[in-house]
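Good morning, and thank you for making the time. Please look at the model on the screen while I go through its salt bridges, its sheet and its surface.

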Amino acid sequence: GIDPNAFKYFEFPEIEEGRYLEPDDTDGMLISAHSTYFYNPNSNSYRNNEDAVDMMNDRVKFTINANYGEDVMPKYYTFKPVGKMVESNGDKNGYLYVNITQLQKWKKELKKSGATTYDDDGYSSIWVSVEDMKYVEEVQEQIKALEYGTYSLADMVGEMQKTSNTLQLILG
């Protein structure tokens, strides 16, 4: 689930077909490049491109019920694809995006039926955008003070600098 207004604050891949989610998309879904690898019950192979699900044109139903194999019947939802993103090297390739408000409604409905959903007690992750790179460490420290884990590209740069310093020391 995502607030559709967030697309302008984070670097999402470009749109290959259609458009990004908009605030009034209640049954809309934005598809990432790797969405075609979802399970197709009519296929013999999980990742066979010939049997890949065409998320923009095939009729697709999904469930967010985590009670696999238990007595609770899964509730299936259908959606209207609004767009598909191009493949990128980023971390946003493996997801389907729906309006966060709609996802919260589905989860409440499922809980009433006795089903279990992932991350019932909150969110699995939150993305934070800062106005300027100089604020990244300060914002990370504030988040850590709330006892949450953080990760940013600044962390990766810091690790690369440590490795570089070690190599310089060894070569020196």
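This is a predicted model: local features need pLDDT of at least 70, side-chain atom pairs count only at pLDDT 80 or more; totals for chains, interfaces and linings use all residues.

D25 is buried, at a relative accessible area of 5%; buried stands for under 20% relative accessible area, exposed for over 50%, and partly exposed for what lies in between, with a 1.4 Å probe and protein chains only. Residues are numbered from 1 along each chain as its sequence is written, and side-chain values use heavy atoms, with hydrogens and water left out.

What does the side chain of D25 meet in a salt bridge? The partner is R19, at 2.8 Å from N to O. By salt bridge I mean a side-chain nitrogen of Lys or Arg within 4 Å of a carboxyl oxygen of Asp or Glu. R19 also forms a salt bridge with E22, at 3.9 Å from N to O.

How many salt bridges does a search of the whole structure find? The number is three. One of them joins the side chains of E141 and K144, at 3.9 Å from N to O. Both residues lie in helix α2, residues 136-145, and they are three residues apart, about one turn of the helix. K144 is partly exposed, with a relative accessible area of 41%.

I now turn to the overall architecture. The chain contains three helices and six strands; these are DSSP runs, H or I of at least four residues for helices and E of at least two for strands, numbered from the N terminus. Along the sequence, the pattern reads β-β-β-β-β-β-α-α-α. Of the contacts in the chain with a separation of 6 or more, 63% are between residues 24 or more positions apart, where contact means heavy atoms within 4.5 Å.

Four strands make up an open sheet in the order β1-β5-β2-β6, and the pairing is mixed. Two strands are taken to pair if DSSP finds at least two bridges between them. Because β1 (15-18) and β6 (96-98) stand at the edges with a single partner strand each, one side of each is left without a neighbour in the sheet. From one strand to the next, the twist averages 25°; the axes behind such angles are lines fitted to C-alpha atoms, for helices over the stretch in contact, and the angles run from 0 to 180 degrees between N-to-C directions.

As a reminder, strands of a sheet pair through backbone hydrogen bonds, either parallel or antiparallel. β1 pairs with strand β5, residues 80-85, in the antiparallel sense over three bridges, and E17 stands opposite K84 in β5. β5 and β2 run parallel and are joined by four bridges; here L30 has G83 in β5 as its bridge partner. On to β6: strand β2, residues 28-31, pairs with β6 in the antiparallel sense over three bridges. M29 has V98 as its bridge partner in β6, and I31 stands opposite L96 in β6.

Which way do the residues of β2 point? G28 and L30 point one way, M29 and I31 the other way, and all are buried.

Finally, the surface. Of the 172 residues, 28% count as buried. The chain exposes about 12700 Å², of which carbon and sulfur atoms supply 49%; these areas come from the Shrake-Rupley method with a 1.4 Å probe, and for residues only the protein chains shown count as cover. Y151, L153, M156 and M160 form a nonpolar surface patch, with about 490 Å² of accessible area together. M160 is placed in helix α3, residues 153-171, and counts as exposed at 55% relative accessibility. Patches are made of residues with over 30% relative accessible area and no salt bridge, with like charges joined within 9 Å and nonpolar side chains (Val, Leu, Ile, Met, Phe, Trp, Tyr) within 5 Å.

Thank you for your attention.
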